[in-house]
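Work through the exercises below with the sequence and coordinates at hand. Each task is followed by a stepwise solution.

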Amino acid sequence: MEGFSDKGIVRTIAGTCVIFLLLFLAVTFHKTDAYGEDGSPALGKKVYEERCMICHGASGDGKGLVGVIKRSEKSGRVLDVRPRDFTTGVFRFRSTPTGCLPADEDLMRLVDGGITKSFMPPHKDELSLDEKKAVVAYIKIFSERWKEEEPCKAISAAKPKWLGSKASVEKGQKIYKDMKCWECHGDDGKGKGPKSNELKDDWGNQILPFNFTAGSLKRGANPEDVYITFTAGLDGTGMPSYEDSLNEEDRWHLVSYTLKLMGVVK
Amino acid sequence: MHRRFYLKLLLVSSIALLAFALLAAYKEINPEWKHYQNNYKELFMKNAKDEAMKEKAKAFKVEVQQLYIEKLNRADRCVSCHIGVENPMMAKAEAPYKKHSGDYLGKHPLSRFGCTACHQGQGRATNKEEAHALEHDTHWEYPIVPLKHIQSSCAQCHDYAMLEKNGADKVVRGRKLFLEKGCLGCHKVDGAGGILGKALDGIGTQPRAYFPMRYIQGERTQSAWHKEHFLDPRAIVPESEMKASINDEEADFLATYILALKSTEMPREYRRIRQTETPDMSGEALYKKYCIGCHTTGRESYFDEIFNRTIPSIMNPALLKSADNQYLKKIVSEGREGTQMTSWKPTAAGLTEQEIDMIVEYISKDRPAAKPEPFDVAKFRADVKRGGELFNIRCALCHGKKGEGELGINLKNPVVQSADPEFLAVTVRDGRAGTPMPPFGKDGVGLKEQEIADIVSYVKTLSQKKL
């Protein structure tokens, strides 16, 4: 044990201290580099403030300077379009079950593709992957839910071979009737059911049921998107999840019927 | 064997042929009108109170009746079935024996007017199907006008002031709706009106074949087409851009008025137009005529799904604060190329200078007294390149990469391009309250004045960019 003299111990301790100090400095320095003064990710903040804040507001409450946009439907009905309020942590377009937080992929998809009819523009070619990831991380600071909860597992949607077949469409039509889809979406799928005028979202604003004859869903145009809507519901709106009330096969039959309403199959 | 079969076949077909021939002969001898006239004669005899009447009834001769009106070039055989139209004893009878309702025939005697001048249909036909021409498989050009739209015919000779006084409420209300719902914003009549829709001169005399009947649910007639089209234009013409929030009752009135827009004219001695009405030239009336169809109340801007762009609120105080009447007049006169906004000058949509002035005065009537804070753009040395970068981040999401507009207005069009740079800079700085255009100079976005000047200089280059 000759090598461990008093001098050596002091040296070792001093060296360790220096290493720790350097490490500490590195971590601190790294933190100041990647995070803004208020502890939020700087890149995400920059992107958010340049691109998102004008509609979604500085505090993510959906009350940006642009404000409410009035939108007149082809039918002549005028409705208010409001930006998403991030402070509640409630999102419509998730691949996760109802009541859950969305997966990062869900948010990325919205940033990439935007939301048709809602004035949320696509950013696919506007932002780099890092910028998109940063902004997705940044919007999570607006709700405590992101600290308390973990996102649930995404719903898998594998479309069956018989999707859109005549028998499936017929079964779907019966389910459409039995589950009272028509109460909001109307017998003809044009969104003019008897309850269509009294629908409100969680924030108390009037909303309209989807008109299946007016193009693709806001979520997307694929049958899988319709299936996920039936399974996950659209949280915050009147569209519930049918995960518990319809089995998987029935939900796909219902998708078949909506494909008919949308004119995709005959 | 074979011979017998053919003999049998010959026999059967001969009998069938004979049966057809007999049926045809029977129909020829007993036409529809003869049946009605026989019934009428019976009814006449039964209702006759005194001997003279009975004699008259007895003397009634069953034969084809025809009214030939030389001046109108019409030969109407309608009275062959509607035989009692002039007989007061038939006031309570059923159709077709019934007397003509009201006392219209007093002032419009059959001998002078006939029937089809007002009711249309095929005057020469001698059976109901061909005369009324309402069935899907008849292809006559002019079916009979349903009674709920019959007032459309009154306007051939009478002016609307007279019609209003004398109870032709349907066509009068239809006209009022036509002038107040902004139909002329897209459709020309008498050379004045927008260019997005078809000109409506003579639409009331267009033959049935002019209208695409594929999606019509009811009768395939012009009047049914107009009504269903008013209620849901895109259900009848899928690619239509027509805006219509019209209820069932209004659709009936409007269809009546549309049918009154005829290209044929009654002979001068028939017409009773006295031009007692001077058109309402107030700014409000003109706004309703030409602007209200798209701009509605003018107080709210909204994104329109049909036009796929925002229709701006033109009576918005925030706009009026920075846009003077000269600029507004330029917008109205020149329109906005690249959008649905028509040019309204005399050589385009056909409004007079005076009318445009009246409209501009009307939309600017609530201009706030306060002027916007000045913005001395000339003070800055604008950097077009930097302006372009900022434009792509801040403006392109709404106004489009090339300024073609969607949620934001079209910035490429000549009127915006010729606008005073200060006007544009003030708009970017202060935004447009009441529209989605946010104030970019305000805290929260906080573009610096230099940056705004850069953006304005870039906007001024947008006219050079091709779509």
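**Exercise 1.** Find how many cavities of 30 Å³ or more the structure holds, and describe the lining of the largest cavity.

Solution. The model is predicted: local features need pLDDT of at least 70, side-chain atom pairs count only at pLDDT 80 or more, and totals for chains, interfaces and linings use all residues. Residues are numbered from 1 along each chain as its sequence is written, chains are lettered from A in the order in which they are written, and side-chain values use heavy atoms, without hydrogens and water.

Step 1. A cavity is a set of points on a 1 Å grid over the protein atoms alone where a 1.4 Å probe fits but cannot get out. The structure holds 1 cavity of 30 Å³ or more.

Step 2. The volume of the largest cavity is about 110 Å³, taken as the space filled by probe spheres set on the points, which are joined across faces, edges and corners.

Step 3. Lining residues have an atom within 4 Å of a point. There are 14 of them, and Gln120(B), Pro143(B), Val145(B), Gln222(B) and Leu259(B) lie nearest the centre.

Step 4. The lining divides into 6 nonpolar, 7 polar and 1 charged (Ala, Val, Leu, Ile, Met, Phe, Trp, Tyr, Cys and Pro are nonpolar; Asp, Glu, Lys and Arg charged; the others, Gly among them, polar).

Conventions
On a 1 Å grid over the protein atoms alone, a cavity is a set of points where a 1.4 Å probe fits but cannot get out, and a pocket is an open set with protein on both sides within 12 Å along at least five of seven lines; lining residues have an atom within 4 Å of a point.
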